[in-house]
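Please look through the sequence and the structure before reading the points below.

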Amino acid sequence: MSSAGQFRICPLCEAACGLRIEIQNQQVQRIRGADDDPFSAGYICPKAIALKDLHEDPDRLRRPLVKRDGRFVEVSWEEALAEVERRLLPILREQGADSVAAVVGNPVVHRIGLLNYFPRVARSLGTRNVFSASTLDQMPKQLACGLMFGHWLSVPVPDVDRSDFLLVIGANPVASNGSMWTVPDAKGRLKALRARGGRLVVVDPRRSETAELADQHLAIRPGGDPFLLAALAHTLFDEGLARPGPHLQGLELLRDFVAPFPPERVADACGLEAATIRQLARDLAAAPRAVVYGRIGTCTQRFGTVNSWLVDALNAITGNLDREGGAMFPKAPAFAVNTLPGPSKGVRTGRRTSRVSGAPEVYGELPITLLAEEIETPGEGRVRALISVAANPCLSAPGGERLDRALASLDFMVSLDVYVNATTRHADVILPSPSPLEVAHYDAAFSQLAHRNAARWSEALLPKDPALPDDWEWLLRLAALVKGEDWRAPVQQLDDAMLGEAIAASLPEAHRATVRRLLGEQPGPARLVDLGLRLGPYGDQFGLRTGLNLEQVRAAPTGIDLGPLKPRLPELLRTASGQVELAPPALLAEAQALEAALQQAAPALVLIGRRHLRSNNSWMHNLPTLAKGPDRCTLLVHPLDADAHGLRDGGSARLRTAGGELVATVELSEAIRPGVISLPHGFGDPGPGQRVAAERPGVNLNALLPVGDRDLLSGTAILSGVAVTLSPV
Ligand SMILES: Nc1nc2c(c(=O)[nH]1)N[C@H]1C(S)=C(S)[C@@H](COP(=O)(O)OP(=O)(O)OC[C@H]3O[C@@H](n4cnc5c(=O)[nH]c(N)nc54)[C@H](O)[C@@H]3O)O[C@H]1N2
Ligand SMILES: Nc1nc2c(c(=O)[nH]1)N[C@H]1C(S)=C(S)[C@@H](COP(=O)(O)OP(=O)(O)OC[C@H]3O[C@@H](n4cnc5c(=O)[nH]c(N)nc54)[C@H](O)[C@@H]3O)O[C@H]1N2
Ligand code: SF4
Ligand SMILES: [Mo]
């Protein structure tokens with residue numbers, strides 16, 4: 001076991017692996033998995049190796065940019081923000097808060113300086129127009145969990161290392177490394193589960209890399225999931241196999257909801273045999289410790305929230321919710337509202353609606369696919385300016401071409417980003433982040449979803465250019481700027497004000513001065529982490545008891561391991577009833593729509609997406625280590641479909657949907673269900689500032705996906721199972 005090199009938590013995906021990075025003369029020499037990190041035990045994937053490329057990428061922005069006469073020029077941070085002040089403030093003043101929208105992308109959850117400081121900008125703006133990648137992703141899961149458990153971050157995860165049976169639906173953790181489930185080396189853990197006699201079943205229209213490892217692969221028809229899940233629950237009730245655990249409410253209503261969906265009735269919609277579905281329910285019930293895990297394939301559908309609910313309802317009625325080897329709730333050391341005493345009032349959505357389509361707000365956000373219409377449609381409250389933070393919706397959201405035109409028509413746009421790309425090309429000002437190796441990191445988000453409880457910190461490994469503000473400095477100054485305050489003030493002063501507010505929000509008056517003193521004078525996210533840790537469930541309460549503080553976490557070579565997950569019911573629950581809600585009214589109300597969908601004829605050919613281990617959404621195609629090798633933006637077509645449509649391997653096919661058309665390169669594959677074709681997302685014209693990515697841009701899947709189609713409860717876009725026609729070119 002070697003611990004050579006400095007510890008760094010990988011910021012590239014949700015697995016949050018511990019890395020060891022060797023640096024000499026300010027150059028990255030070597031990147032390896034940290035064997036001494038109990039959380040990830042040395043696991044590493046090819047993307048982490050590319051951190052070196054990312055750090056060195058000549059296309060990565062290192063200076064703020066301002067567009068002058070259509071061209072970006074490098075400026076100082078003061079000039080960049082002065083431009084924002086000059087252009088943005090009049091829009092805000094004259095057209096009101098809603099005229100400025102914010103769009104937040106995936107890397108925000110991987111950067112503590114963005115994650116912990118962006119909310120301050122959003123609050124300062126006071127706009128209802130906040131959009132994020134959540135409505136292209138996990139919002140259905142967070143809504144379902146909010147309704148069932150009372151908080152949007154109370155998401156149970158598979159306790160895989162102690163389980164005997166894992167049913168994976170619409171997820172491919174062997175390629176994605178897990179999502180809403182922070183689990184380094186998912187592949188190794190799945191293999192270990194099987195090696196100790198456990199069973200892995202994967203439900204996926206494609207025999208994915210995860211399905212390849214499984215005991216059983218069920219090639220479901222895309223979109224068949226709500227019917228499959230309902231039929232599994234139906235069978236458990238019908239055959240007397242349900243073994244519901246404690247603290248549940250609404251069992252009878254859940255039973256009524258699934259009653260119309262016996263396996264025999266939904267088999268066609270699922271594209272599976274009724275007997276197979278019944279047997280799966282029996283296997284699930286018979287396993288001593290089992291868990292159902294559903295992810296993006298189940299979320300980005302018309303019934304995404306229903307799916308997410310039924311996944312955890314199955315865990316609950318098989319007695320596997322909140323028990324070892326089942327679906328368990330992490331207990332994060334900091335920033336987890338569900339670990340602190342608080343009111344039990346459940347969650348509410350729709351406190352505001354979007355201006356044009358009237359879509360309900362969910363956790364303060366509107367559906368990202370509605371951003372374009374909010375920009376295009378005249379009237380009061382029209383969006384005229386945009387702040388984008390680590391987001392590339394022109395490639396990552398359906399309707400990219402339309403959004404492209406809409407962004408070009410804005411009066412002003414500022415982007416916090418590290419590239420000039422398909423989205424940020426429209427910005428008037430770009431404010432770059434330092435390289436990940438130049439900033440410290442704490443797992444603020446992913447410790448809430450982790451397979452094991454831990455508190456980990458990693459220091460900046462290389463010095464940051466003092467002329468370039470860190471993420472949190474940009475956001476503090478932007479927040480001051482939009483409030484008309486002195487954004488040029490020393491950053492110490494701005495950060496002290498924010499810290500003061502955070503302390504006031506968590507402590508009674510009597511303790512505030514002492515706590516403020518104990519947190520010290522060094523500005524930045526570390527003080528917020530220290531505050532969170534010390535007041536958190538393992539914290540030292542600023543000396544009132546023995547427990548965690550940031551100093552200890554920093555001193556430990558790979559952070560502090562807090563052990564395997566432990567049961568948390570009923571302590572975690574924040575529902576109004578204080579019970580697990582098995583039958584939230586908003587979900588029961590989907591019964592009619594589900595029945596109607598069952599009666600609808602399935603399209604002959606549908607399109608789904610996929611992920612590859614060596615790429616990451618839309619932004620890592622510029623890193624040579626990852627970009628090399630075979631073309632990954634290919635259209636997978638089953639040979640039967642290829643014959644039917646006159647297509648050949650390596651040839652070109654034209655795809656047409658209600659959303660658009662494009663031409664893609666065909667790759668024949670027996671692994672995909674006939675009647676389904678697959679194209680990865682994140683490709684397409686990368687924009688002017690990514691020279692490596694531009695060599696092989698690929699095509700944009702999202703240009704095909706109809707813009708308005710979404711899960712109405714969560715506002716999440718439908719990214720899978722879209723009707724398509726194919727023809728040779
Ligand atoms: N069809 C289809 N579409 C999808 C998906 C799908 O499965 N199918 N998946 C969806 C999912 S799950 C997600 S999460 C979204 C992701 O979509 P986005 O949230 O748009 O995220 P990325 O595509 O990863 O783009 C990230 C942006 O952040 C910038 N960036 C990277 N690092 C940093 C940094 O350190 N600081 C700053 N300031 N910026 C940085 C990049 O340059 C890029 O502009 O895509 C969604 N789109
Ligand atoms: N290498 C790599 N890792 C990543 C990312 C990346 O782009 N590249 N992105 C990161 C992000 S932002 C996220 S959110 C996670 C996502 O992580 P995962 O949820 O594991 O996402 P995918 O790998 O896209 O797997 C989704 C699976 O659902 C299947 N599927 C599609 N439609 C349906 C359907 O209708 N029903 C069912 N049952 N299955 C369906 C697809 O075939 C696919 O195998 O991955 C993260 N990790
Ligand atoms: S699996 Fe994710 S966190 Fe782990 S090394 Fe790869 S990119 Fe980094
Ligand atoms: Mo995502």
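The shell of residues around ligand 3 divides into ten nonpolar, one polar and one charged. In this classification, Ala, Val, Leu, Ile, Met, Phe, Trp, Tyr, Cys and Pro count as nonpolar, Asp, Glu, Lys and Arg as charged, and the others, Gly among them, as polar. The model is predicted, so that local features need pLDDT of at least 70 and side-chain atom pairs count only at pLDDT 80 or more, while totals for chains, interfaces and linings use all residues. Residues are numbered from 1 along each chain as its sequence is written, chains are lettered from A and ligands numbered from 1 in the order in which they are written, and side-chain values use heavy atoms, with hydrogens and water left out.

- The shell consists of Cys10, Leu12, Cys13, Ala15, Ala16, Cys17, Tyr43, Ile44, Cys45, Lys47, Ala48 and Asn177; a residue is near a molecule or strand if one of its heavy atoms lies within 4 Å of it.
- Ala16, one of these residues, is found in the loop between strand 1 and strand 2. Helices (H or I, at least four residues) and strands (E, at least two) are DSSP runs, numbered from the N terminus.
- Ala16 has a positive phi of about 50 degrees, although it is not a glycine.
- With 3% relative accessibility, Ala16 counts as buried; the term buried means under 20% relative accessible area, exposed means over 50%, and partly exposed lies in between (1.4 Å probe, protein chains only).

- Three strands form an open sheet in the order 1-2-3, with antiparallel pairing. Two strands pair if DSSP finds at least two bridges between them.
- Strand 1 (6-9) and strand 3 (27-33) are the edge strands, each pairing on one side only.
- From one strand to the next, the twist averages 35 degrees.
- Six bridges connect strand 2 (residues 18-24) with strand 3 in the antiparallel sense, and Gln24 stands opposite Gln27 in strand 3.

- Five of the five residues of strand 9 (residues 165-169) are buried.
- Phe165, Leu167 and Ile169 point one way from strand 9, Leu166 and Val168 point the other way, and all are buried.
- Strand 9 pairs with strand 10 (residues 199-203) in the parallel sense over five bridges; the bridge partner of Phe165 in strand 10 is Arg199.
- Strand 9 also runs parallel to strand 13 (residues 290-294), to which five bridges join it; Ile169 has Gly294 as its bridge partner in strand 13.

**Two crossing helices**

- The axes of helix 19 (residues 471-482) and helix 20 (residues 491-506) come within 10 Å and cross at roughly 80 degrees. Axes are lines fitted to C-alpha atoms, for helices over the stretch in contact, and angles run from 0 to 180 degrees between N-to-C directions.
- Helix 19 is therefore roughly perpendicular to helix 20 (angles under 35 degrees count as roughly parallel, over 145 as roughly antiparallel, 65 to 115 as roughly perpendicular and the rest as oblique).
- Helix 19 contributes Trp472, Glu473, Leu476, Arg477 and Ala480 to the contact, and helix 20 contributes Val491, Leu494, Asp495 and Met498; contact means heavy atoms within 4.5 Å.
- By class, this contact has six nonpolar, no polar and three charged residues.

- Strand 25 and strand 26 (residues 661-668) run antiparallel and are joined by five bridges. These two strands form a hairpin with four residues between them, and Glu661 is the bridge partner of Arg656.
- Strand 25 also pairs with strand 31 (residues 725-728) in the antiparallel sense over four bridges, where Pro728 is the bridge partner of Ala653.
- Val666 belongs to strand 26 and, at 3% relative accessibility, counts as buried.

**Backbone geometry elsewhere**

- Most residues other than glycine have a negative phi, and most peptide bonds are trans.
- Met180 has a positive phi, near 50 degrees, and lies in the loop between helix 7 (173-176) and helix 8 (186-195).
- A cis peptide bond, with omega about 5 degrees, joins Leu569 and Pro570.
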